Amino acid sequence: MADTKEMSTGSDAHPVAGPHSDVADSTHITEARPSGWIYRGVKVGKTEVWYASPKAQLVMVALVCFMCPGMYNALTGLGGGGQLDATVQDHASTALYSVFAVVAFFSGSFANKLGIRATLSIGGIGYCIYAASFLCYSHTQNVGFVVFAGAFLGLCAGLLWTAQGAIMMSYPPEESKGRYISWFWIIFNLGAVIGSLIPLGQNVNNTGGTVTDGTYIGFIVLMLIGAVLATFIVNADKVIREDGSKIVLMKNPTWQSEFKGLWECISLSPWVIALFPMFFSSNIFYTYQQNGLNGAHFNVRARSLNNLLYWLSQIFGAVIVGYALDTKVRRSLRAKASFVFLFALTFIIWGGGYAWQRQQVSRDVTMDPSYESEKIDWADSAFIGPMFLYIFYGFYDSVWQTCIYWYMGALSNSGRKTANLAGFYKGIQSAGAAIFWRLDGLHTEYNTLFAATWAVSAASLLIAAPIIFLKIQDTTDLETDLKFSDETVEDVVPAGALESEKHVTV
């Protein structure tokens, strides 16, 4: 979020910084945007959109994630990366999330120094290489290449997701953050949905174990397109909101200032550490769900269908929760209500999962090649129950992700601070994922994986509860966000609004 901003023409009077929207909205003045094609407005229905607007940039980053992480989700959702033996994917995922955890924790500093575009562009490269490694493995059994591709993707994904998180949390106005998160999640998960159609179409008559080469080639092409698309994002200093306000950044970021800012993000708000267990839990679901349920108990075409339904259900979850989080009720009350809903879902859905899992055969049985013929097909009567369970697991994941992003966005509107929060989130999330993929790689019993996932998720919610209930306020003052920046009110608030405030003050 980097590039230097030009100083606005200042004035001798410095207005008191209230909530972000107060100064801008009080004037009802339409601020003239700078010249240039990125600020040329286009009518979309009743709304005017320009390329350097929060909405357009959110769509752009969502399309990148549609092509890259969305297709990655479709590939991994097959169980074992589409391979009969999930061990090689376990090793690759352990390498991926181990590197991801380290890189992402510090990637907020990289995003703030290098800028959103460079960070996102570098981040998009690793996905197509990862898909290509599985195609190679199908023919050469080259485990080393798959593990290297996983580690390289961890580096790239740490950068990509930090840039994405900063855009999604800092660009929208406070009253629209839930909707922006849901719009992103819709487009992003459409990538996984459409990506899931590739293996479903390729394997509709395939009841064997490994997906076809065409499946992998389709993923590689789409991921490559996403990596190229990332280069067309604009940096945060160019973005102008509908009210004319700009994103709070550092005007002159240095490596020293950004690594110092990483520390300040925790030292100035030490209570944010209570959210870390929830960060840790946010991706551990996938190990059990994708390998312990879908990969272990369904044949390739049935798990392809499950995969499609899983990501489709995430779209519905994001829409329902995202729009509910933007209702006219006070923000602090919305935060509490969403937390209670998420806590209830944790016991309702995972309780249903326990009822199913306790009846299943051991892991050793599922790993026996002879069990392949016993796996559930979509034509079997036993398919319906676990299919709906898998759908609800997808719904639950989207509710969790939407809520945690909204909680972080409710704590700050600063592009600099949210980049660091996004880095913490993805770094700690990846540490949790690395541990659980490693447990799966060690052939931990599926019952144990299930119990550990459920217990850690529930416990993390209890630890985060005080932050949700006590620290999320009805609005975030601009003055609070500017403490984490070298900018002034004049750099962020539209000039017309400042003039109006001066007259009111006089």
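Mentor: Start with the handedness: helix 6 and helix 7 cross in a left-handed sense. The model is a predicted one. On the helix 6 side, the contact is made by Gly 126, Tyr 127, Ile 129, Tyr 130, Ala 132, Ser 133, Phe 134, Cys 136 and Tyr 137. Helix 7 contributes Val 143, Phe 145, Val 146, Ala 149, Gly 150, Phe 152, Leu 153, Cys 156, Ala 157, Leu 160 and Trp 161. Sorted by class, this contact holds 17 nonpolar and three polar residues, with no charged ones.

As for the geometry, helix 6 covers residues 126-140 and helix 7 covers residues 143-170. Their axes lie 8 Å apart, and the packing angle is about 165 degrees. Angles over 145 degrees count as roughly antiparallel, so helix 6 and helix 7 are roughly antiparallel to each other.

The second pair is helix 17, residues 415-441, and helix 18, residues 446-470. Here the angle is about 165 degrees and the axes are 10 Å apart. Helix 17 and helix 18 are therefore also roughly antiparallel to each other. The crossing of helix 17 with helix 18, however, is right-handed. Helix 17 makes this contact through Phe 436, Leu 439 and Asp 440, and helix 18 through Tyr 446, Leu 449, Ala 452, Thr 453 and Val 456. By class, the contact between helix 17 and helix 18 consists of six nonpolar residues, one polar and one charged.

A single residue elsewhere in the chain leads back to this part of the sequence. Phe 347 belongs to helix 14, which spans residues 331-357. Setting aside neighbours within four places in sequence, Phe 347 contacts Trp 454 and Ala 458. Phe 347 and Ala 458 are 111 residues apart along the chain, yet their C-alpha atoms are separated by 8.1 Å. Phe 347 counts as partly exposed because its relative accessibility is 41%.

Now the chain as a whole. The protein has 506 residues, of which 59% are buried. Its secondary structure amounts to 21 helices and two strands. Of the contacts between residues at least 6 apart in sequence, 87% join residues at least 24 apart. The accessible surface is about 18800 Å², and carbon and sulfur atoms account for 66% of that surface.

How values were computed:
Residues numbered from 1 in each chain as written. Predicted model: local features only at pLDDT ≥ 70, side-chain atom pairs only at ≥ 80, totals over all residues. Heavy atoms only, no water. Axes fitted to C-alpha atoms, helices over the stretch in contact; angles between N-to-C directions. Helix = DSSP H or I, 4+ residues; strand = E, 2+ residues; numbered from the N terminus. Parallel < 35°, antiparallel > 145°, perpendicular 65-115°, else oblique. Left-handed = near helix turned anticlockwise from the far one by under 90°. Contact = heavy atoms within 4.5 Å. Nonpolar A, V, L, I, M, F, W, Y, C, P; charged D, E, K, R; others polar. Buried < 20%, exposed > 50% of the residue type's maximum accessible area, 1.4 Å probe, protein only. Areas by Shrake-Rupley, 256 points an atom, 1.4 Å probe, with all protein chains shown as cover.
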